[in-house]
Amino acid sequence: MLIIGIAGGTGSGKTTVVNKIINSLPAGEVAVMPQDSYYKDSSHIAPEERSKINFDEPAAIEWTLLVDHLKKLKEGTTIEMPTYSYLTCTRQEETVTVHPSDVIIVEGILVLNDPSIRELLDIKVFVDADPDDRLIRVIARDCIERGRTPEIVINRYQDVLKPMHMQYIEPCKRYADLIVPQGGSNTVAINLLTDYIESRLRKGSMRGVTTC
């Protein structure tokens, strides 16, 4: 099993990189565990207070559960991954069954921030992108998928996303084995990453092969 951590700022193109990795490998070989699925449940907090929660700092994530699930997958145990609603800011009753796979991708803005997660990663990737490009993607995504106005998104970017990025996300570059500039449009870097993953998988499969 190969566990890959893919981090980077909001709107940097992490999902695009993940999808290109998935498409480059045989079907069923990759399981994806979004960091966002492990946001702490805030259903006990009044709805008007939930909007004030800072979801871009490490304290918002239930790291212990994510670590536990990764360890169980490494041991060959199937887990039930939680789901989270961006609209209500609460953990949902539904879960997603994740089986042990050849490749496990843990994706999220803070994946490289937590030391206990980094220890479990075989490959650490940081997806980098120009701040203006990231802001444009965030505006488009939040307005379409999360029902926010451009003004709300821009204010949140200036007040929360940008300072949290500089404090917690940008410094994580130092832990990365590979930095992917220009986000998901960097075909060369993504091809290098997928080629390396495939070579690691081939080496792993050959360990159990004996020759006469």
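Predicted model: local features only at pLDDT ≥ 70, side-chain atom pairs only at ≥ 80, totals over all residues.
Modeller: Residues are numbered from 1 along each chain as its sequence is written, and side-chain values use heavy atoms, with hydrogens and water left out.

Biologist: Let's start with the sheet. What makes E2 and E5 a pair of strands?

Modeller: Strands (E) are DSSP runs of at least two residues, helices (H or I) are runs of at least four, and both are numbered from the N terminus. Two strands pair if DSSP finds at least two bridges between them. E2 and E5 (residues 103-107) have five bridges and run in the parallel sense, so by that rule they count as paired. Within this pair, alanine 31 stands opposite isoleucine 104.

Biologist: What is the order of the strands in the open sheet?

Modeller: Five strands line up as E2-E5-E1-E6-E7, with parallel pairing. E2 (30-34) and E7 are at the edges because each has a single partner strand, which leaves one side of each without a neighbour in the sheet. On average, neighbouring strands are turned by 20° against each other, direction ignored.

Biologist: And how is E1 joined to E5 and to E6?

Modeller: Five bridges join E1 to E5, and five bridges join E1 to E6; both pairings are parallel. Isoleucine 6 sits opposite glutamate 107 in E5, and glycine 5 sits opposite lysine 124 in E6.

Biologist: Why is E1 called mostly covered?

Modeller: Buried means under 20% relative accessible area, exposed means over 50%, and partly exposed is in between (1.4 Å probe, protein chains only). Seven of the seven residues of E1 are buried. Leu2, Ile4, Ile6 and Gly8 point one way and Ile3, Gly5 and Ala7 the other way, and all are buried.

Biologist: Now salt bridges. How many does the structure hold?

Modeller: Five. The test is a side-chain nitrogen of Lys or Arg within 4 Å of a carboxyl oxygen of Asp or Glu.

Biologist: How do you know that lysine 124 and aspartate 177 form one?

Modeller: Their closest N and O atoms are 3.8 Å apart, and the cut-off is within 4 Å, so the pair passes. The pair links distant parts of the chain, 53 residues apart: lysine 124 is in strand E6 (residues 123-127), and aspartate 177 is in the loop between H6 and strand E7 (178-180).

Biologist: Are those two partners buried or exposed?

Modeller: Lysine 124 has 15% relative accessibility, so it counts as buried. Aspartate 177 has 51%, so it counts as exposed.

Biologist: What about arginine 91 and glutamate 62?

Modeller: Their closest N and O atoms are 2.9 Å apart, which makes a salt bridge. Here too the pair links distant parts of the chain, with arginine 91 in strand E4 (residues 90-98) and glutamate 62 in the loop between helix H2 (47-50) and helix H3 (63-74). Arginine 91 is at 22% relative accessibility, so it is partly exposed, and glutamate 62 is at 25%, so it is partly exposed.

Biologist: Which residues share partners in a network?

Modeller: Glutamate 170 forms a salt bridge with lysine 173, closest N and O atoms 2.8 Å apart. Salt bridges that share partners join Asp128, Glu170 and Lys173 into one network.

Biologist: What makes you say H6 is not straight?

Modeller: The expected span of a helix is 1.5 Å times one less than its number of residues. H6 (residues 150-169) has 20 residues, and a straight helix would reach 28 Å, but its end C-alpha atoms are only 23 Å apart. The bend at a residue is the angle between axes fitted to the seven residues ending there and the seven starting there, and H6 has a kink of about 50° centred on tyrosine 157. Tyr157 is also one of the buried residues of H6, including Val153 and Leu161.

Biologist: Last one: why is threonine 90 called buried?

Modeller: Threonine 90, in strand E4, has 9% relative accessibility, so it falls under the 20% limit. Contact means heavy atoms within 4.5 Å, and threonine 90 touches residues including Asp41, Arg50 and Tyr84, not counting those up to four places away in sequence.

Key. Axes fitted to C-alpha atoms, helices over the stretch in contact; angles between N-to-C directions.
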